[in-house]
Amino acid sequence: MDSRRDTLKIIGAIGTTCAFPFGADELYGQHAHVPTDAKVADSAPYKPKFLSEGEFAVISRVADLIIPKTDTPGAVEAGVPAYIDSVAAANDRHHGVLRAGLRWLESKKFLKRSEAAQIALLTPLSEAVDKNRVKTPPQRFFLVVKNMTADGYYTSRIGLVRELGYKGNTVLSRFPVCEHPEHQG
Amino acid sequence: MPGKTFDVCIVGSGAAGGVLAAHLAFNGVDVALVEGGPRIDTRTAFNTHAMPFEFPNRHIPVMRPGVAGFDSERSRGVGGKTQTWNAVAWRQSHRDFKGGSIDGAGVDWPIDYTDLAPYYEAIEREVGVCGNLDGLEDLPDGVFLPPVPMKCSDVIVQRGAAKLGVKVIHVRKATRSTPSATRPACHFCGNCMAGCDVVAKYNSADVHIVPAMKTGRLQVFSDSIAREVSLSDENRVTGVRFLNRTTLSEGEVRARSVVVSCGCVQSVALLLMSKSSRYPGGLANSSGELGRNFIPHFTGGVQCFLRDLIGRPTENDEGFLDHAYIPSFMHTRKRDYARSFGVQFNYQNRRGVGWARSMPGFGKAFKQSVKERYPAFLTFSPYGEMLPKKDTFIDLDTERKDAYGLPLARRHVAYGENDMKIFRDMQRWSVEILKSANAEILTVYDKPATNHELGGCRMGTDARTAVLDANCRSHDVRNLYVVDGSVFPSASEKNPTHTIMALAARTATHIAETLRKGEM
């Protein structure tokens, strides 16, 4: 898989730029901390391994309703459907839940509905999840897909860096002291 | 090296094994160090700076691709858990050593704070512990590098806790806040527990073992999984038998004395595996206490958002993980249980957002609510002390074997009345402190979970109730020692590694003297 090989290359490159042991001065110039913008896992084209093309389209729509595009991209652009498929492909225990939910959505002609009708169909499922009263197969499906969507989105570059503004993994010569006046005393 | 007999053979290269190896080798003692895992090149082996999106399954593996190490419980690599620890370093206090007498529950250590104080200091000078001088009776000060400033969020918690009379102090960690001749200062890149590739954070391989090898007195047998400590008919240990990790071929190191330092549960397992006609229940186990008195820490946990930080810009604050700590305070207050708890908090790194799942709803509102709370997220983990009891112990699974054909160790943990009283109280206090800091509570764990593994091979003056004497020396077999978390007679609520290292330094001094006097 090409994307995997690229990932290995990037990691290898970080390794070779470090020297040890070294004094503090030598360190800062040599260290590659900032994640590179080279092609990484979540930008590669994806062929579903567990889901059929039709199921993949449904999952993509559900994921994009859970985390939609706003001023930052949503779940689909962040590669969440591919993440969900690859997690499912690697874990048998999700198969039954996902397939049952997909069959149910199919019976409701989910993709043919308007956005408002799609949201209306998912809302009671989400409420059951929030109340911790998950009983029916569609509710279980929503719980699993929401969890996977949140995991996949917020571990993607789009979710973590662009949406949430992750700033770590850098070199700081000093840790910044809290100077917000309202936090003192 | 057939034929060679070492003065000391140490099994395990973590916090205890590393300190022992260096202190003995620098004292002119011939040392063999047997480690189940491979040698690890700290600067290139770990995924220290990886981001989750570099991996299709978003899981950052411990080792870089193709690098061996940390592949199972029994085989980790030279440096052991110090490669991936969080480096928190507390001295225990008099109360922790003599809790049995003070509280009337649990047992006393056979040594006191004053016995260990010089060794705590020696370790601080060697490994570099940063921290503040707080002057607390229960958390003795030491020789510290300057503390790392608290995070903004720590200051908010500190202010909230102060309203309840609870102190928040700077954490103390074996991570350099200033450079030394051989190690740089921490540069706050964030993922300490993924392995520190510049060794600002202490690990025993780079700080103790590699320098000790240069003396020519230390030979490291890596990829050598100990399977038995050999015993002679004269009731003396003669060395260690091991399996090569990759070829499974057998090997042996012969030595005049043996120190078992495999990390609590694995040390107990190795002794239990070392059966003989003299010790059918495991080596040095005439008391029947080996594996008993297992007293792991148990944690609670609260996840929350600090309202003062909701909706604010994200800070670059994950470096060094936790910067602050709430030392035990209940031992001076009225309570209906023995012992106490301390709180580690705000140690999450910001590369994981697992809590996003728990935010209600979906759609734009959900997305907005996660974004606003991301800079405000905080975890709180109180650690409680477990009292020893019959139904909490370590034994071997006679049915199941690991990849090396060795029996798996089993941990049996039951929470007693005192444990649960501590658990409920520490959870209650955690929520109170966080509410006082104006936090929005997300989750409060309803069950305790075990953490630092301690006990199972305890020290004590009475050979009928303890496996080891006050020098970590076996009561039964006088040239056998055990040094690691398993030797703790009582756990305290404090992270144990500094005490393990100080015990290792003290035991090394004892072993070197015993060898010099010809009394081994």
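1. Chain A contains 8 helices and 0 strands, where helices (H or I, at least four residues) and strands (E, at least two) are DSSP runs numbered from the N terminus. Its pattern along the sequence is α-α-α-α-α-α-α-α.

2. This is a predicted model, in which local features need pLDDT of at least 70 and side-chain atom pairs count only at pLDDT 80 or more, while totals for chains, interfaces and linings use all residues. Residues are numbered from 1 along each chain as its sequence is written, and side-chain values use heavy atoms, with hydrogens and water left out.

3. Of the 185 residues of chain A, 49% are buried (under 20% relative accessible area, 1.4 Å probe, protein chains only). Among contacts (heavy atoms within 4.5 Å) in chain A with a separation of 6 or more, 66% join residues 24 or more positions apart.

4. In chain B, 7 of the 10 residues of helix H7 (residues 204-213) are buried, so this helix is largely enclosed by the rest of the structure. The buried residues of H7(B) pack against H1, strand E2 (31-34), helix H2 (42-45), helix H5 (113-127) and strand E4 (218-221) of chain B.

5. The axes of H1 (residues 15-25) and H11 (residues 497-516) of chain B come within 8 Å and cross at roughly 35°; axes are lines fitted to C-alpha atoms, for helices over the stretch in contact, and angles run from 0 to 180 degrees between N-to-C directions. Residues of H1(B) including Val19(B) and Leu20(B) meet residues of H11(B), among them Ile500(B) and Ala504(B).

Key:
Chains lettered and ligands numbered in written order. Buried < 20%, exposed > 50% of the residue type's maximum accessible area, 1.4 Å probe, protein only.
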